[in-house]
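Q: I have a model open beside its sequence, and I would like to learn how to read it one feature at a time. Could you take me through it?

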Amino acid sequence: MIEKDIAKADAWSHVAGLTIGQDISDRPAQFAAAPPHFDLAKSFDTFGPMGPELVSLDYFSNPDDLQIVVEVNGETRQNDSTALM
């Protein structure tokens, strides 16, 4: 059964687990047309990597406040908390 219109207070009880994903955009492809095609920039193979694990919610003390760090070749590109997003 698919449920919808779930109360915010009950949302986590409907989540099986968490994984990580990366949203990648090809900016030259995005701005090659006028107006820009945001959907095209995100539609190439491998542009939505996820996983590789699905982690149970009991692993986290507070799933509303997770630290996310993105590093590219040893350079930190993002370091923030999901509580601030």
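**Reading the aromatic pairs, and then the rest**

A: Let us begin with a single residue of this predicted model: Phe44, at 36% relative accessibility, counts as partly exposed.

Q: How many aromatic pairs does a search of the whole structure find, and how is such a pair described?

A: As a general idea, a pair of aromatic rings is described by how far apart the centres are and by the angle of the planes. In this structure the search finds two aromatic pairs. Phe44 and Phe47 make up an edge-to-face pair, with 5.4 Å centre to centre and 65 degrees between the planes. Tyr59 and Phe60 also form an edge-to-face pair, at 5.3 Å centre to centre and with 85 degrees between the planes. Tyr59 is exposed, its relative accessible area being 64%, while Phe60 counts as partly exposed at 23% relative accessibility.

Q: Which elements does the chain have, and in what order do they run from the N terminus?

A: The chain has two helices and two strands, and from the N terminus on the order is α-α-β-β. The radius of gyration is 17 Å, well over the 12 Å that the globule rule gives for 85 residues, so the chain is more spread out than a compact globule. Along the principal axes, the C-alpha atoms fill a box of roughly 45 × 40 × 25 Å. Of the 85 residues, 9% count as buried, and the accessible surface comes to about 7200 Å², of which 55% belongs to carbon and sulfur atoms.

Q: Where does Gln30 lie, and is Gln30 buried or exposed?

A: Gln30 is found in helix α1 and, at 2% relative accessibility, counts as buried. Not counting residues up to four places away in sequence, Gln30 touches Ser25, Pro36, His37, Phe38 and Ala41.

Q: How should I read the salt bridges, and how many does the structure hold?

A: The general idea is that side chains of opposite charge can pair when their charged atoms come close. This structure holds two salt bridges, and in one of them the side chains of Asp23 and Lys42 meet at 2.9 Å, N to O. Asp23 lies in the segment before α1 (27–30) and Lys42 in the loop between α2 (38–41) and β1 (67–72), so this pair ties together parts that are 19 residues apart in sequence. Asp23 is exposed, with a relative accessible area of 54%, whereas Lys42 counts as partly exposed at 38% relative accessibility. In the other bridge, the side chains of Glu75 and Arg77 meet at 3.5 Å, N to O. Here Glu75 is partly exposed, with a relative accessible area of 45%, and Arg77, at 53% relative accessibility, counts as exposed.

Q: In which sense do β1 and β2 pair, and what is found in the turn between them?

A: In a regular strand, to give the general idea, the side chains alternate between the two faces of the sheet. In this structure β1 pairs with strand β2 (residues 75–81) in the antiparallel sense over six bridges, and the bridge partner of Gln67 in β2 is Ser81. The two strands form a hairpin with two residues between them, and Asn73 in the turn has a positive phi of about 50 degrees, although Asn73 is not a glycine. Asn73 is exposed, with a relative accessible area of 81%.

Q: Which residue in the loop between α2 and β1 has a positive phi of about 75 degrees?

A: That residue is Thr46, which has this phi although it is not a glycine. Thr46 is placed in the loop between α2 and β1 and counts as exposed at 68% relative accessibility.

Q: Which residues is Ile20 in contact with, leaving aside its neighbours within four places in sequence?

A: Ile20, which lies in the segment before α1, is in contact with Pro49, Met50 and Gly51. The C-alpha atoms of Ile20 and Pro49 are separated by 8.5 Å, while the two residues are 29 residues apart along the chain. Ile20 is partly exposed, with a relative accessible area of 48%.

Definitions and conventions
Residues are numbered from 1 along each chain as its sequence is written. This is a predicted model: local features need pLDDT of at least 70, side-chain atom pairs count only at pLDDT 80 or more; totals for chains, interfaces and linings use all residues. Side-chain values use heavy atoms; hydrogens and water are left out. A salt bridge is a side-chain nitrogen of Lys or Arg within 4 Å of a carboxyl oxygen of Asp or Glu. Helices (H or I, at least four residues) and strands (E, at least two) are DSSP runs, numbered from the N terminus. Buried means under 20% relative accessible area, exposed over 50%, partly exposed in between (1.4 Å probe, protein chains only). Two strands pair if DSSP finds at least two bridges between them. Rings of Phe, Tyr and Trp (its six-membered ring) pair if their centres lie within 6.5 Å; planes under 30 degrees apart count as stacked, over 60 as edge-to-face and the rest as tilted. Contact means heavy atoms within 4.5 Å. The radius of gyration is taken over C-alpha atoms; the globule rule is 2.2 Å times the number of residues to the power 0.38. Accessible areas come from the Shrake-Rupley method with a 1.4 Å probe; for residues, only the protein chains shown count as cover.
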